[in-house]
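Reader: I am new to this structure. Please show me how to read it, one feature at a time.

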Amino acid sequence: QVQLVESGGGLVQAGGSLRLSCAASGSIFTILAMGWYRQAPGKQRELVATISSSTNYADSVKGRFTISRDNAKNTVSLQMNSLKPEDTAVYYCNAKLKRTTADWAVYDYWGQGTQVTVSS
């Protein structure tokens, strides 16, 4: 099995910063991509940022958020600066990976989510 464990959420005032971290563990051969998604109350889950050989950001977070990855440790982090109330959501870590050398399929795993609340 594969587990993704997130940390770093919390309550912060507008303009502040938070750093989210996610560690993947278990039966992992290779991680092809990792990323962060978020879901606000009453809204669909949306992409925040992903990282593989390159990075990709939602327009709403460009210039404020930075995603980084430690391939040796199977971790991904999201540095969030200049936070806005509209960034309030549950943030989910995602990993797209192969579990063994024999895997043809790419498996999608999610963390349990961490709450980020930005007060105005």
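**Strands, rings and a core**

Author: Start with strands β3 and β8 (residues 75–80): they run antiparallel and are joined by 6 bridges. This is a predicted model, in which local features need pLDDT of at least 70 and side-chain atom pairs pLDDT 80 or more, while totals for chains, interfaces and linings use all residues. Residues are numbered from 1 along each chain as its sequence is written, and side-chain values use heavy atoms, with hydrogens and water left out.

Reader: How do I read a strand pair?

Author: Strands are DSSP runs of E, at least two residues long, and helices are runs of H or I, at least four; both are numbered from the N terminus. Two strands pair if DSSP finds at least two bridges between them. Take R19: it stands opposite Q79 in β8.

Reader: Which strand pairs with β1 (residues 2–7), and over how many bridges?

Author: Strand β3 (residues 18–26) does, antiparallel, over 6 bridges. L4 has A24 of β3 as its bridge partner.

Reader: Is S77 buried or exposed?

Author: Buried means under 20% relative accessible area, exposed means over 50%, and partly exposed is in between (1.4 Å probe, protein chains only). S77 is at 12%, so it counts as buried. This residue belongs to β8. Contact means heavy atoms within 4.5 Å. Setting aside neighbours within four places in sequence, S77 contacts R19, L20, S21, W36, T66, I67 and S68.

Reader: How do I read an aromatic pair?

Author: A pair of aromatic rings is described by the distance of the centres and the angle of the planes. Rings of Phe, Tyr and Trp (its six-membered ring) pair with centres within 6.5 Å; planes under 30 degrees apart are stacked, over 60 edge-to-face, the rest tilted. The whole structure has 1 such pair. Y37 and W110 sit edge-to-face, 5.0 Å centre to centre, with 65° between the planes. Y37 is in β4 (residues 30–39) and W110 in β10 (residues 107–110), so the pair ties together parts 73 residues apart in sequence. Y37 is buried at 15%; W110 is partly exposed at 35%.

Reader: What lies over the face of W110?

Author: A charge sits over a ring if NZ of Lys or CZ of Arg is within 6 Å of the ring centre and within 35 degrees of the ring normal. R45 lies over W110, 4.6 Å from the ring centre. Likewise, the charged end of R99 sits over the ring of Y107, 3.7 Å from its centre.

Reader: Which residues does a disulfide join?

Author: A disulfide is a pair of cysteine sulfur atoms within 2.5 Å. Here C22 is joined to C93, S to S 2.1 Å. The pair links distant parts of the chain, 71 residues apart: C22 in β3 and C93 in β9 (residues 89–98). The S-S torsion is about -80°, so this disulfide is left-handed. Both cysteines, C22 and C93, are buried.

Reader: How many residues has the largest nonpolar core?

Author: A nonpolar core is a set of buried Ala, Val, Leu, Ile, Met, Phe, Trp, Tyr and Cys residues joined through side-chain atoms within 4.5 Å. The largest has 31 residues, and M34, W36, L78, M80 and Y91 have the most contacts inside it. Elements giving two or more residues include β5 (46–51), β7 (65–70) and β11 (114–119). β9 gives the most, with 5 residues.

Reader: Where does G113 lie?

Author: In the loop between β10 and β11. G113 counts as buried, at 18%. Beyond four places in sequence, G113 touches E6, V90, Y91 and Y92.
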